[in-house]
Amino acid sequence: MPDGISLEELQLAARNHGLPLEALRWDLTPVGLHYLLTHYDIPDVDARSWRLEVDGLVERPLMLSLDDLRAREAAEVAATMECAGNGRALVEPHVVSQPWLLEAVGTARWRGVPVAELLAEAGIREGAVDVVFSGLDRGLEGGEEQAYARSLSLDEAMRREPLLAYEINGVPLPPQHGFPLRLVVPGWYGMTNVKWLARITVVDAPFDGYQMRQAYRMRHGEGDAGEPLSRIAPRSLMIPPGVPEFMSRSRLVEAGPCELRGRAWSGEAEVLGVAVSTDGGHTWGQAELGSPELGPWAWRSWTVVWDARPGEYELCCRARDAAGNEQPLEAPWNVGGYANNAVQRVAVTVRG
């Protein structure tokens with residue numbers, strides 16, 4: 001863990017919060033425990049006057065109220081959302097930004113209107129390339145004043161999964177989660193899921209806004225233009241067993257059979273297995289996967305019983321998916337500290 005976390009990073013850490021790992025016990029993350037990253041300020045939105053605009057290269061521009069959206073046939077999806085910077089604080093050399101450890105994740109059931117439905121209603125004109133989603137949150141980043149905006153290619157936007165969500169876990173979106181409307185793109189890192197959505201614009205060239213051109217790109221050196229981040233790399237997290245030491249969070253476990261539990265997910269393909277190690281990754285055994293009942297875009301539970309004997313241990317868990325992706329033991333460094341999906345390591349003392 002690097003020294004010298006800056007005041008600026010502490011300010012970010014105070015504004016944003018992660019999921020306490022013991023909350024992995026819930027299939028759906030309680031709304032107040034779901035991770036949050038807010039780039040700028042939370043906008044003050046009056047739902048009565050708010051409107052969603054659909055414009056650009058469309059035949060029939062739309063202007064829709066929240067009641068208009070709620071009156072349509074709704075769709076639901078359970079999706080695991082993870083910040084692209086999850087694990088950033090664990091990479092070296094230190095990357096200055098929001099100092100996430102491993103908790104920038106959550107799983108929720110989202111309800112709303114499919115993006116593709118509105119785009120089809122508006123009618124896409126010839127030459128369309130990207131669909132830009134713009135929020136009401138504004139600020140300065142990289143010296144540029146901007147509204148937070150991200151884009152999807154037209155093909156991605158027209159898939160059945162992207163959703164314009166007005167509810168989370170059966171309740172209206174709270175202010176911090178994007179009230180009154182946000183974009184949810186299952187399987188993609190969290191930066192894609194634009195909150196406080198105000199406008200959808202179809203354009204004839206790849207969108208060149210700051211959040212696409214500069215931020216959230218996988219760059220391996222300062223001169224590297226990099227590639228935009230998109231789908232979530234496979235990851236597994238363990239509910240830390242036993243009880244914690246207050247400052248270090250190292251765990252104290254009683255000797256005997258100990259059930260290790262956790263969750264695993266991937267935005268690339270179905271999770272096929274989770275391997276668990278009790279000796280720091282030298283040897284591995286397979287956990288039992290739970291049912292995929294939440295659907296293909298949500299995490300799966302896993303369990304394994306460990307015969308815990310007195311001593312010091314380092315527990316690890318490692319997910320692999322159907323596309324052949326597997327978590328690395330160590331994460332390669334990159335400029336933004338993004339997509340660090342190295343295996344989790346949990347220090348445990350077993351007491352006889």
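The questions and answers below concern strands, backbone geometry and salt bridges in a predicted model.

Q: Which strands are the edge strands of the open sheet?
A: The open sheet is built from 6 strands with mixed pairing, in the order β14-β15-β22-β21-β17-β18. An edge strand here pairs on one side only.

Q: What is the bridge partner of V243 in β15?
A: Strands β14 and β15 (residues 251–254) run antiparallel and are joined by 2 bridges. For V243, the bridge partner in β15 is L252.

Q: Where does P180 lie?
A: P180 is joined to F179 by a cis peptide bond, with omega about 10 degrees. The position of P180 is in the loop between β8 (171–172) and β9 (182–184).

Q: Which residue forms a cis peptide bond with P93?
A: P93 sits in the loop between β3 (75–82) and β4 (105–114). The cis bond has an omega of about 0 degrees, and the residue joined to P93 is E92.

Q: Is Y216 buried or exposed?
A: Y216 has a positive phi of about 55 degrees although it is not a glycine. This residue is found in the loop between α5 (210–213) and β11 (217–218). Buried means under 20% relative accessible area. With a relative accessible area of 6%, Y216 is therefore buried.

Q: What is the relative accessibility of R249?
A: R249 is not a glycine, yet its phi is positive, near 65 degrees. The residue is found in the loop between β14 and β15. R249 counts as partly exposed, with a relative accessibility of 45%.

Q: How many residues apart in sequence are the parts tied together by R70 and E167?
A: The side chains of R70 and E167 meet in a salt bridge at 3.2 Å, N to O. R70 belongs to helix α2 (residues 66–70) and E167 to strand β7 (residues 163–168), so the separation of the parts in sequence is 97 residues.

Q: Which class of accessibility does E167 fall in?
A: R70 is partly exposed, with a relative accessible area of 33%. For E167 the relative accessibility is 14%. The cut-off for buried is under 20%, so E167 counts as buried.

Q: Which residues are linked with E156 in a network of salt bridges?
A: The side chains of E156 and R159 meet in a salt bridge at 3.7 Å, N to O. E156 is partly exposed at 22% relative accessible area, and R159 is partly exposed at 33%. In the network, E156 is linked with R159, R160, E161 and R231.

Methods: Residues numbered from 1 in each chain as written. Predicted model: local features only at pLDDT ≥ 70, side-chain atom pairs only at ≥ 80, totals over all residues. Heavy atoms only, no water. Pairing = 2+ DSSP bridges. Helix = DSSP H or I, 4+ residues; strand = E, 2+ residues; numbered from the N terminus. Buried < 20%, exposed > 50% of the residue type's maximum accessible area, 1.4 Å probe, protein only. Salt bridge = Lys/Arg side-chain N within 4 Å of Asp/Glu carboxyl O.
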